Amino acid sequence: MKWGFRWYGEQGDSITANDIRQIPGINGIVGTLLNKLPGDVWEVAEIQELKDSIEKEKIELLGIESVAIHDAIKAGTSERDHYIDNYIQTIRNLAACDVHLICYSFKPIFGWAKTTLNYENEDGSLALLYDQAVVDNMEPGDMYKLISSQSKGFQLSGWEEERLNKFNSLVEMYEGVTEDVLFENLKYFLERIIPVCEETDVKMGIHPDDPPWEIFGFPRITKNLSDLKRITSMVDSPYNGITLCTGALGADPNNDMVKIIHEVGDRINFVHFRNVEFLGERKFKETAHLSTEGSLDMYAIMEALIEVGFDGVIRPDHGRTLWGEVARPGYGLYDRAMGITYMQGLHEAITKANARK
Ligand SMILES: [Mn+2]
């Protein structure tokens, strides 16, 4: 496995590439260009600048998350071909810079959602929390206000002000887009980009819904095993793969993470390793990565990844905010650094035990 860490770049993160370099066993960074809007072409010079800012610390740019998908593609409007052309150009430009992994999501209007970004745990640490009861008493537009009021001034992916300003026209754009239509629009997109991914050796990993159920009545098509199977079979190529986010999928107790890994293991192109604690019906919070801290069996998840032969990029997903750090919600340094060390410990223990069998 390649051990990665998400980083928002020199301008957009509270931590530096050098902080990440100091984490034991790290291979590199999963990076982004924060100034890019969905539909923009990522130019070679911009990608190269990001790459240089990472490689000067003797670590690699392991992939990008996310190259966001323009709403015209997701809603299937007449403008989609133009934006797919742009996406293809971005794939080619990333490949030209020797970047071969793209994480993306195909969610209308809302990407990820939480109802508290800075929930204070008993021990004083801060975590993200989701409570469906809060969402049920909210208008969709209020979600933007909630997220931006708790973002500590950081620009949070998927919650850009440009999107908020267009909220009503976005809702109109998605009128009539059912789950089946959204699947069809994803298929149309994949049928065009995957041949280019095969040619340029760029692997795609679709990120699951977070939370993995419908919110505000908008369709969601990456919420469980049957969705993931439908997506991987609609264009049957290893380049059409999944970002296995254990904390996103795992927030629904009906999602058996070990079973999912075994069923779609050959199509997992990227792993987000995160634990969550179930607090009630459709209510959960993000926790430290250890099995003892949440509801998921992280040992069993790592064991399953090893069993299916996963050898791609894996990174600790959201951590708590600790020890007074001021950081993007979920993306502080300390909890994720402890998380990746725990992940490496699980990996070493399981692979050495397997070797002795
Ligand atoms: Mn994730």
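At what angle do the axes of helix H11 (residues 225–234) and helix H13 (residues 257–264) cross? In this predicted model, the two axes cross at roughly 15° and come within 10 Å. Angles under 35 degrees count as roughly parallel, so H11 is roughly parallel to H13. The crossing of H11 with H13 is right-handed. On the H11 side the contact is made by Leu225, Leu228 and Lys229, and on the H13 side by Lys259, Ile260, Glu263 and Val264. By class, 4 of these residues are nonpolar and 3 are charged, with no polar ones.

The contact of H13 with H14 is made up of 7 nonpolar residues, 1 polar and 1 charged.

H14 in turn packs against helix H15 (residues 334–356), with the axes 10 Å apart and an angle of about 55° between them. That angle makes H14 oblique to H15. The crossing of H14 and H15 is right-handed. Met298, Tyr299, Met302, Glu303 and Ile306 of H14 meet a set of H15 residues that includes Tyr342, Met343, Leu346 and His347. The residues of the contact of H14 with H15 divide into 8 nonpolar, 3 polar and 1 charged.

The next element to look at is the sheet. Strands of a sheet pair through backbone hydrogen bonds, either parallel or antiparallel. Here 8 strands close into a barrel with parallel pairing, in the order S1-S2-S3-S4-S7-S8-S9-S12. From one strand to the next, the twist averages 30°.

Two of the pairings can be followed residue by residue. Strand S2 (residues 28–31) is joined to S3 by 4 bridges, and the two run parallel. In this pairing, isoleucine 29 stands opposite leucine 61 of S3. Is S3 (residues 60–65) mostly buried or exposed? Of its 6 residues, 5 are buried, so S3 is largely enclosed by the rest of the structure. Leucine 101 has lysine 203 in S7 as its bridge partner.

Helix H10 (residues 179–200) packs on the sheet, where it touches S4, S7 and strand S8 (240–245). The direction of H10 makes about 155° with that of S7. H13 also lies on the sheet, across S8 and strand S9 (268–273), and runs at about 165° to S8.

Aspartate 201 sits in the loop between H10 and S7. Apart from neighbours within four places in sequence, aspartate 201 contacts His100 and Tyr239. Glutamate 43 is 158 residues away from aspartate 201 along the chain, and the C-alpha atoms of the two are separated by 18 Å.

How values were computed. Residues numbered from 1 in each chain as written. Predicted model: local features only at pLDDT ≥ 70, side-chain atom pairs only at ≥ 80, totals over all residues. Heavy atoms only, no water. Axes fitted to C-alpha atoms, helices over the stretch in contact; angles between N-to-C directions. Parallel < 35°, antiparallel > 145°, perpendicular 65-115°, else oblique. Left-handed = near helix turned anticlockwise from the far one by under 90°. Contact = heavy atoms within 4.5 Å. Nonpolar A, V, L, I, M, F, W, Y, C, P; charged D, E, K, R; others polar. Buried < 20%, exposed > 50% of the residue type's maximum accessible area, 1.4 Å probe, protein only. Pairing = 2+ DSSP bridges.
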